[in-house]
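Please have the structure open while you read, and work through the points in turn.

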Amino acid sequence: MKLAPLGDRVVLKQLVAEETTKSGIVLPGQSKEKPQQAEVIAVGPGGVVDGKEVKMEVKVGDQVIYSKYSGTEVKIEEDEYIIVKQNDILAILQ
């Protein structure tokens, strides 16, 4: 099954969180937050959304940072994805 986002929405796949810090400290499961970094899996067409012209600035394969409490989590088969609006994406990692 393939996700095809509509309008200015973007499908993200969350990147795996580090199990240890750079200094070698192992993080227990409860203290870890979900990372806010993700890879772009699919991008909507953009166009006119809510009466405004929207140009999609991200593309498939980009690694991005998105707002902490944004988006809708969906699970398809064994994979988990997050669907967010493009304006919930804060930066593209380069």
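1. Let's begin at A38 and its bridge partner in β5, which is V64. Three bridges join β2 to strand β5 (residues 63-66), and the two run antiparallel. Strand β1 (residues 9-14) is joined to strand β2 (residues 37-43) by five bridges, again antiparallel. Two strands count as paired if DSSP finds at least two bridges between them.

2. A word on what you are looking at: this is a predicted model, where local features need pLDDT of at least 70 and side-chain atom pairs count only at pLDDT 80 or more, while totals for chains, interfaces and linings use all residues. Residues are numbered from 1 along each chain as its sequence is written, and side-chain values use heavy atoms, with hydrogens and water left out.

3. How confident is the predictor? The pLDDT, which is its confidence in each residue from 0 to 100, averages 86 for the protein, and 85% of the residues score at least 70. Among the elements, β5 has the highest mean pLDDT (96), and strand β3 (residues 47-49) has the lowest (82).

4. Now for the overall make-up. The protein has eight strands and zero helices. Strands of a sheet pair through backbone hydrogen bonds, either parallel or antiparallel. Here, six strands form an open sheet in the order β6-β7-β1-β2-β5-β8, with antiparallel pairing. β6 (72-76) and β8 (89-93) stand at the edges with a single partner strand each, so one side of each has no neighbour in the sheet. On average, neighbouring strands of this sheet are turned by 40° against each other, direction ignored; the axes are lines fitted to C-alpha atoms (for helices, over the stretch in contact), and angles run from 0 to 180 degrees between N-to-C directions.

5. You can follow the remaining pairings along that order. β1 pairs with strand β7 (residues 79-85) in the antiparallel sense over four bridges, and in this pair V10 stands opposite V84. β5 and β8 also pair in the antiparallel sense over four bridges, with A91 in β8 as the bridge partner of I65.

6. β6 and β7 form it with two residues between them, and E77 in the turn has a positive phi of about 55°. Five bridges join these two antiparallel strands, and E80 in β7 is the bridge partner of K75.

7. Is V84 buried or exposed? V84 is buried, with a relative accessible area of 1%; buried means under 20%, exposed over 50%, and partly exposed in between (1.4 Å probe, protein chains only). Leaving aside its neighbours within four places in sequence, V84 is in contact (heavy atoms within 4.5 Å) with D8, R9, V10, L12, S70, G71 and I89. V84 and V11 are 73 residues apart in sequence, yet their C-alpha atoms are 6.6 Å apart in space.

8. Compare that with K85, which is also placed in strand β7. At 30% relative accessibility, K85 counts as partly exposed. Beyond its neighbours within four places in sequence, K85 is in contact with D8, R9 and D50. Between K85 and Y66 there are 19 positions in sequence and 9.7 Å in space, C-alpha to C-alpha.

9. Which residues touch the most other members of the largest nonpolar core? Of its 13 residues, they are V10, L12, V40, V58, V64, V84 and I89. The elements giving two or more residues to this core are β1, β2, β5 and β7. A nonpolar core is a set of buried Ala, Val, Leu, Ile, Met, Phe, Trp, Tyr and Cys residues joined through side-chain atoms within 4.5 Å.

10. Finally, some totals. Buried residues make up 26% of the 94 residues. Of the contacts with a separation of 6 or more, 65% are between residues 24 or more positions apart. The accessible surface comes to about 6,900 Å², with 52% of it belonging to carbon and sulfur atoms; such areas come from the Shrake-Rupley method with a 1.4 Å probe, and for residues only the protein chains shown count as cover.

Notes:
pLDDT = per-residue confidence, 0-100.
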